[in-house]
Amino acid sequence: MSLSTARSFLSEAGYGEQELDANSALMELDKGLRSGKLGEQCEAVVLFPKLFQKYPFPILINSAFLKLADIFRLGNNFLRLCVLKVTQQSEKHLEKILNVDEFVKRVFSVIHSNDPVARAITLRMLGSLASIIPERKNAHHSIRQSLDSHDNVEVEAAIFAAASFSAQSKDFAAGICNKISEMIQGLDTPVDLKLKLIPMLQHMHHDANLASSSRELLQQLVNSYPSTPMVIVTLHTFTQLAASSLIDIPKQLQLLLQYLKDDPRKAVKRLAIQDLKLLAKKAPHLWIRENTQTLCECALTSPYNSLKLGMLAVLSTLSGTIAIKQYFNPVTGSSSVPPRLTDLVKLAQECCYHSNLAVAAHGVIVLANIAISCPEKDIVQLEQDTVLGVESLLMLCSQDSSSSAQATLKTALTSLVQLLKSRPHLSQSAVEFLLGQLHSACDASRVLMCHALAAIATHLPVLGDGMLGDLVDLYRVASHSSTDKQQELLVSLATVIFVASQSSLSAEVKMVIKQQLENVANGWTVYRIARQASRMGCHEFSSELYQSLRTRVASEHFYFWLNSLKEFSQAEQCLSHVEDGNYSAAMSAIAEALRSYQKGIASLTAASTPLSPLTFQCEFVKLRIDTLQALSQLICTCNSLKTSPPPAIATTVALTSGNELQRCGRISMQMKVSMDEFRSLAARYSDLHQSSFDADYATLRNVELQQQSCLLVSHVIEALILDPQAASFQEYGTLGSVQTESEYERRMMSVFNRVLEEVEGLSKKHPPVSYLRYFFQKLQSTSIKLAISPSPRTPTEPIPVQSSQQLTLKVEGVVQHGSTPGLFRKIQSVCLNVTSTLQSKTGPDYKIPLDTKTNEIEQRVEPHNDYFSTQFLLNFSILGTHTVTVEASVVDESGIEWKTGPKTTVSVKSLEDPYSQQLRHQLQQQQQQAGAQPAPQRSAYARF
C-alpha cells in the first residue's frame, strides 16, 4: 500500500470502515511524513483532514496530531504552513487530542526560533489552538512579547493569536486590553496596524467593566479619527461588542442611526445599514418606535437606490418581528396614528412601484407583513394596496427570465401566499390573476407561479375546481421542447392539477398529461410527476406511470422500487371506490388491496441495499398492511353477529358468571381481540414516529394521524361494546381544532369528527393513504457512529473481567450529517442506554437476586462539535457470560426523544478473581481431606 493507495482510500465518501483500515492509512501517511522528498511530505500532511473526516475518533486523531506536531517542530516553514492549514481545517477535532501538553510542547518549541516567519506561523498555530489551551500562560506571554516585535509579519500573527485567545479566555482579555489600548492610542503605531488592532476589542465582553472600558475607547476613536476607514472599522467593532454584551444595543442603534442620518459618506452609511441589519436580526425587540421612524425618514429622503435598498432590507427584516407591533402600538399617552398615514406604510407603498426590482420586492414584503400583523379595523385599504403592489410586480417580472427578476418574483409570490393564509377572502381574485398571467409568462416564472397556486389550493381546496380548466388548457400547449425549464414546468403544472382535482382525475385530464409526457418528457420527469400523483392521492394515474417506467431503468433495484410503487398505487386505488354501507364490496376491496400490498412489499424488500435499506418505507407499508387486515377482521367480526348470533343460554351464562358481555356471545371476545390489535398498531405507529428523526413535518403528521385513527377505532370498540360506562371521547375532542395543512389531513380529520358523532360507521370510512415526501425523499440525514472501549480482539471473543471488579465502559460517538444538517430539527443531546443480561452461568447453581443479573444505566450527553464521550461503571458479580447492549437515541431542541439508534452489543465474561479461587480450592481440599480420614474406632481406651 503506497501513498496513492492511502489517497484513494481517503477519497471515498462513505463511513463505516474498520479500525484496521484507518490505522493502515495512518501508517501510510506516516511513511509520507518521514519521506526525504518535500513534495511527498506536503502531500501526506494535506491528506490528514480526510483521515479525520473518515475516522473521527480520539485514539486516531491524537496519534495523527502528534505526528503533525513533530513535522511542525522539525520541518521547514512551508511544511509548518501546511500543518497550520490542516489544524485550521480540523478545528472541530482539536478537543479530541488526548495528549494536549505533549502536542503544545512540540509546537511551542518553535517560538524560540530566530526566524520571525517561523515564530509568526507558531503564533498563528497557537491562535488556532486557543479553544483547547485558553489559559496557557506561556502562550499568553509569547503573544504579548510578539506584539512588540519589529517584524510586521510576526506582529500580524500576534494580533490574530491575541484575538483568538481574547475570545476564549477572560483573563487574557482583561490582561491584554490595556496593552491594546496603549498601542491604538500610541502615536508611533501606524494607522494600518491600528485598523488591525481595533477589531480585537469586539472580544472584550466577558464582564461589564471590560465591555464598558472598551466602549469608551471606541467612542474616543470615533471622535478622534474621522477618516473613513477608521470610522468604518470602529463602528463595526462597536456593533459586534454591543451584540455580544447585549446591554448596549439601544445606544448602538442610536449611534448607527445618527451616522446614517448625518454622515455624508456613502461608505459609512453602507456600513451603518449593514450593522443595523445585524442588530435587527439579533435583537428586534429592542427597536423602539423612534428607531424605526428614523430609519423610515432616512429611506424616504435618500436619493441613492443602493442605500434605499439597504434600509428597506432592514425594515423588511423588522416587519416580520415584534418590532412592527411596537411601531403601530405606541406607548400609553402618545397619539395613535392610523397605519395608512405612517411613514413606514408611505415608504412601502412608494417602493412597491419602484423601478429597481429589489427595492420593489422589499416594499412588497414590508406591506404584506404590515397587512398581516395590523388590527382588522384598519386593514381594508392596506390589503388592497398590498395586492395591487404584488400584482404589479408579478406583471413586471413574469416575462423576464433574468435571475434578478426571478428572485423578485419568488419574493412577491411568497409574500402573497403568506397574506392569503391570513386573509382568505382575497384568494379568489389573486388566483384568477395568477391564472391569467400564466399564459403570457416565461417558463421560469410559470414554475414559480405553479408553486404558489399549489400552496394556495392546498390551504383552500374550494378554489381547486375553478383552476382546473385553465390549467388543463395550459398543459396542452405547455411544452414543445425538452429543456430543463420545460421539464420543470411539466412537473409543476401537473402538481397543481393534482392538488386542484382533489384525488379524482378525469379521463380527459389524464389523456392531456399522458400526451405531453409521451411527446417531450424524459424518464426522470415522468417519475417526478408519478411521485407527485402518489403524494396527492391520485393513485390510479401514478400506477399507470410507474408501470410505464419499470423497464426504463438501469438497475434491478430501481426496477423493484418502481414495481413496488406501482403495486402500492394499485392497492390504494382498490380502496378508493369503497362506498358507505356496502360491506361485501369493502371486504373484497380490502382483500384485493392486500394482495397488491403483499406483492409490493416483496418488491420493496428486494429494492433495498446496504447503503439504502429503505427502513422507513418497509415499516410504513407493513403497518398499512396490518391496519387493513385489522379493519377487515373488524368488519368480519361485526358481520358474525348476523351469521352466529348469541346462543339461547347466553343470558343465563351472563347471570351465572356476572359478566354482562356474555349476553353477546362469542362476538365480545372477538371484539376484545380486535381492540387489542388496533392498540398494538397504534403503538407501532408511535415507534415509527419516534424513529423518524429526519422526516419532514408533513410526514410526521401523516404517521401521527394513522396512529390516532387506530387509537380511535380501539376506543370506539370499547365505548360501544366492551365498557360503555367507563369510556369517554373527551380525550379525542381536540382533534377538530388542529389546523390542517393538506387535503389528506383534512379528510382524516373529517373522518375523526364524524366518528365522534356517529361512532358506528368508522370501519368503512378509512381514507386511502397519501405517500408523503419522506417516503420518496430524505432531505435531512443524521446518523450516529459509536465506538466502545475496551473492545474485544475479535468480534466473537468476550471481554474478560474479574467478578470482584467493575468494568469501566467508555462510549464515544460522532454525529454524522448529510448535506443539509438541522433542516427540520437539531440534536440537543444524545441519550445512551446501557443494559447487560446474563446469558450463561458458570458458577455454582444457587438462587441469584434479579437485580444482580442485570445492569441498566442511562446517561445524557451533549455533543460538542458533533462529538460526545461518556463512561459507565458496570458490575458483573455473577460468574458467566453477559451481553452488554449500548443503544443511542437523540433528544431534539424541543426535548422530544427520537429512537434513532444505533444499537451495539459486546460480550463480557465474568471470571472468578484469584483470591476467591484460592479460597474455594482450599475449602474443597479441606472437604476432601475430611472425607478421606477413617472414622475413629470405639474401644475401652477411647474414654481415657
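Two strands count as paired if DSSP finds at least two bridges between them. Helices (H or I, at least four residues) and strands (E, at least two) are DSSP runs, numbered from the N terminus.

I am working on a predicted model, where local features need pLDDT of at least 70, side-chain atom pairs count only at pLDDT 80 or more, and totals for chains, interfaces and linings use all residues. Residues are numbered from 1 along each chain as its sequence is written, and side-chain values use heavy atoms, with hydrogens and water left out.

**Entry 1: the sheet**

I looked up β1 and found that eight bridges join it to β3 (residues 806–817), the two running antiparallel. I picked I788 and found its bridge partner in β3 to be V811. I then followed the whole sheet: three strands, open, in the order β1-β3-β6, with antiparallel pairing. Its edge strands are β1 (782–789) and β6 (867–875), each pairing on one side only. On average, neighbouring strands here are turned by 25° against each other, direction ignored; the axes are lines fitted to C-alpha atoms, for helices over the stretch in contact, and angles run from 0 to 180 degrees between N-to-C directions.

**Entry 2: helix α16**

I checked the length of α16 (residues 266–282). The expected span of a helix is 1.5 Å times one less than its number of residues. For the 17 residues of α16 that should give 24 Å, and the end C-alpha atoms are 24 Å apart, which agrees.

I next listed its buried residues (under 20% relative accessible area; exposed is over 50%, partly exposed in between; 1.4 Å probe, protein chains only). They are V268, K269, L271, A272, I273, D275, L276, L279 and A280. I noted that what covers them includes α14 (228–245), α15 (249–262), α17 (289–301) and α18 (305–319); contact means heavy atoms within 4.5 Å.

**Entry 3: S146**

I found S146 in helix α9 (residues 137–147). S146 is buried, at a relative accessible area of 6%. Leaving out residues up to four places away in sequence, I found S146 touching L123, E154, V155 and A158.

**Entry 4: D696**

I located D696 in the loop between α35 (667–691) and α36 (697–722). D696 is buried as well, with a relative accessible area of 7%. Residues up to four places away in sequence aside, D696 touches R773, Y774 and F824. I also noted L779: 83 residues separate D696 and L779 along the chain, and their C-alpha atoms are 7.8 Å apart.

Last, I looked for polar contacts (a pair of N or O atoms within 3.5 Å; within protein, one must be able to donate a hydrogen and the other to accept it, and residues adjacent in sequence count only if both atoms are side-chain atoms). The side chain of D696 makes one with the side chain of T699, at 2.8 Å.
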